[in-house]
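Please read them with the model open.

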Amino acid sequence: RSLGYEHSPTDPCVLRKIVDGKNYLLTIYVDDILVFADEDEVTRIKDAFVKEYQWITMEVSDAHSYLGMQIILRDGAAVIDMSNFVHIYIYVEVYHFPIRRFDAW
């Protein structure tokens, strides 16, 4: 909130900020944050996180793998590819490919 982001009313793990007609998004899953912002805003977010937590791991790129999705930024748009997820679903649900669960305890 100190950076000016507001939680989505439908999903508290999505935060949005609008500045001069530009939409900036943060999506949070456990300890992973995906940032959709321009270079200046990414730097501002990074600086704030480093100040708060001393260090962070951050990757800035036009292509990311995030929660099973392949996200590619191209021509001002985000292309989200979930074909890996679909392949896993087909293996499990259609072909009954066995999935084993391993308990940590």
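1. Overall order. From the N terminus on, the elements run β-β-β-β-α-β-β-β-α. That comes to 2 helices and 7 strands. Helices (H or I, at least four residues) and strands (E, at least two) are DSSP runs, numbered from the N terminus.

2. Ground rules. This is a predicted model, in which local features need pLDDT of at least 70, side-chain atom pairs count only at pLDDT 80 or more, and totals for chains, interfaces and linings use all residues. Residues are numbered from 1 along each chain as its sequence is written, and side-chain values use heavy atoms, with hydrogens and water left out.

3. The protein has 105 residues, of which 14% count as buried. Buried means under 20% relative accessible area, exposed over 50%, and partly exposed in between (1.4 Å probe, protein chains only). Among contacts with a separation of 6 or more, 20% come from residues 24 or more positions apart. Contact means heavy atoms within 4.5 Å.

4. The four-stranded sheet. This sheet is open, with the order β1-β2-β3-β4 and antiparallel pairing. Two strands pair if DSSP finds at least two bridges between them. β1 (6-7) and β4 are the edge strands, and each pairs on one side only. Strands of a sheet pair through backbone hydrogen bonds, either parallel or antiparallel.

5. Pairing within that sheet. β1 meets β2 (residues 14-19) over 2 antiparallel bridges. Here Glu6 has Arg16 as its bridge partner in β2. β2 and β3 are antiparallel over 6 bridges, and Lys17 is partnered by Tyr24 in β3. Between β3 and β4 there are 5 bridges, again with the strands antiparallel. Leu26 stands opposite Val35 of β4.

6. Its hairpin turns. The β2 and β3 hairpin has 2 residues between the strands, and Asp20 takes a positive phi near 50 degrees. The hairpin of β3 and β4 also has 2 residues between the strands. There, Val30 takes a positive phi near 55 degrees.

7. The three-stranded sheet. This second open sheet has the order β5-β6-β7, with antiparallel pairing. β5 and β7 stand at the edges with a single partner strand each, so one side of each is left without a neighbour in the sheet. The twist averages 25 degrees from one strand to the next. Axes are lines fitted to C-alpha atoms, for helices over the stretch in contact, and angles run from 0 to 180 degrees between N-to-C directions.

8. Pairing and turns there. β5 and β6 run antiparallel and are joined by 4 bridges. Tyr66 stands opposite Met69 in β6. Their hairpin has 2 residues between the strands, and Leu67 in the turn has a positive phi of about 55 degrees. β6 and β7 pair over 5 antiparallel bridges. Ile71 has Ile80 as its bridge partner in β7, and Ile72 stands opposite Val79 in β7. In the β6 and β7 hairpin, Asp75 takes a positive phi near 50 degrees.

9. α1 lies across β2, β3 and β4, and runs at about 150 degrees to β4. Ile45 belongs to this helix. Is Ile45 buried or exposed? It is buried, with a relative accessible area of 4%. Leaving aside neighbours within four places in sequence, Ile45 is in contact with Leu3, Tyr5, Leu26 and Val35. Ile45 and Val35 are 10 residues apart along the chain, and their C-alpha atoms are separated by 8.9 Å.

10. The largest pocket. Its volume is about 1,400 Å³. Of its 43 lining residues, Ile33, Leu34, Val35, Ile45 and Met58 are the closest to the centre. On a 1 Å grid over the protein atoms alone, a pocket is an open set of points where a 1.4 Å probe fits, with protein on both sides within 12 Å along at least five of seven lines; lining residues have an atom within 4 Å of a point. Grid points are joined across faces, edges and corners, and a volume is the space filled by probe spheres set on the points.

11. Who lines the pocket. β3 (22-29), β4 (32-36), α1 (39-53), β5 (63-66), β6 (69-74) and β7 (77-81) each supply at least two residues. α1 gives the most, with 9 residues. By class, the lining has 25 nonpolar, 7 polar and 11 charged residues. Ala, Val, Leu, Ile, Met, Phe, Trp, Tyr, Cys and Pro count as nonpolar, Asp, Glu, Lys and Arg as charged, and the others, Gly among them, as polar.
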